Amino acid sequence: MSLSREFRRAFAMEAKAVLRKTMKARLRAMTAEDKEKQSNVIASALLATKEYQDAERVCVYLAMKDEVNTDLILKDIFAKNRLCYVPRIIGPHMDMLRLRSWQDYEELPRTIWNIRQPAEGDDRENVMTTSGLDLIVMPGLGFDQACRRLGRGKGYYDTYLNNYRKQFGSVPPLLALAFSSQICDEVPVTDLDVPMAKVISYNSDTSTAVSMS
């Protein structure tokens with residue numbers, strides 16, 4: 001790696017750390033009622049996208065309290081008898097595992113982040129042993145108009161997408177969900193960051209969803 005590339009990565013990582021603090025402060029300022037209202041509008045907009053309507057094998061995150069809630073999306077996947085996969089994080093490693101029903105979801109144990117995920121040792125179908133996915137619904141801390149994503153700094157999704165590309169040759173459409181307060185002027189990135197195909201957010205002036213691609 002050249003020194004200039006190392007410098008650019010180091011600069012971007014420092015800028016990301018500063019931006020994460022800003023995004024977390026914005027999210028803390030949101031009320032539970034506003035999060036619920038925006039989540040319903042954003043999730044409904046996701047369901048109306050061509051990417052979702054054409055997808056039979058969908059991976060969707062299970063939301064933390066400061067993320068756009070995905071319950072509506074999960075219920076729609078099961079109602080339409082599509083295949084659903086959700087993250088399981090153990091240590092530094094993330095897998096995407098099959099979730100079979102809403103009842104299956106409600107029976108999942110909670111993690112230290114108070115989100116549900118399949119337990120360690122729970123033997124489920126792994127995306128990497130299948131023919132792949134049609135769509136991945138992505139979380140994040142922040143996004144910009146160019147669909148660049150700011151993660152939480154652990155690299156779970158970056159690593160997973162890199163491994164997915166090695167396995168299948170390319171990644172499926174990446175659609176991210178974001179509260180209005182999570183949209184910022186510019187997200188600093190490195191050559192390792194993967195842009196989203198689309199970011200679906202909320203317009204507070206019109207109380208409607210807005211899509212960036």
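Author: Helices are DSSP runs of H or I with at least four residues and strands are runs of E with at least two, numbered from the N terminus. The model is predicted: local features need pLDDT of at least 70 and side-chain atom pairs pLDDT 80 or more, while totals for chains, interfaces and linings use all residues. Residues are numbered from 1 along each chain as its sequence is written, and side-chain values use heavy atoms, without hydrogens and water.

Reader: What is the volume of the largest pocket?

Author: A pocket is an open set of points on a 1 Å grid over the protein atoms alone, where a 1.4 Å probe fits, with protein on both sides within 12 Å along at least five of seven lines; lining residues have an atom within 4 Å of a point. Volume is the space filled by probe spheres set on the points, which are joined across faces, edges and corners. For the largest pocket this comes to about 740 Å³.

Reader: Which element supplies the largest share of the lining of the largest pocket?

Author: Among the 30 lining residues, R149, R152, K154, G155 and Y156 are the closest to the centre of the largest pocket. At least two lining residues come from each of β2 (83-90), β6 (149-150), α6 (156-168) and α1 (3-28). The largest share, 4 residues, belongs to α1.

Reader: Which element gives the most to the lining of the second largest pocket?

Author: The second largest pocket holds about 490 Å³ of space, and A63, M64, K65, N69 and D71 lie nearest its centre among 24 lining residues. Helices α4 (71-79), α5 (102-106) and α2 (32-47) each supply at least two residues of this lining. The most, 6 residues, comes from α2.

Reader: Does T49 count as buried or exposed?

Author: T49 sits in the loop between α2 and α3 (50-53), where its side chain reaches the backbone oxygen of L46 at 2.7 Å. Beyond its neighbours within four places in sequence, T49 is in contact (heavy atoms within 4.5 Å) with L175, K198 and I200. Because its relative accessibility is 9%, and the limits are under 20% for buried, over 50% for exposed and partly exposed in between (1.4 Å probe, protein chains only), T49 counts as buried.

Reader: At what distance does the side chain of S201 reach the backbone oxygen of A178?

Author: S201 belongs to strand β8 (residues 198-203) and is buried, because its relative accessibility is 1%. Leaving aside neighbours within four places in sequence, its contacts include I42, I183, T208 and M212. A polar atom of the S201 side chain lies 3.3 Å from the backbone oxygen of F179. For the backbone oxygen of A178, the side chain of S201 reaches it at 2.8 Å.

Notes. A polar contact is a pair of N or O atoms within 3.5 Å; within protein, one must be able to donate a hydrogen and the other to accept it, and residues adjacent in sequence count only if both atoms are side-chain atoms.
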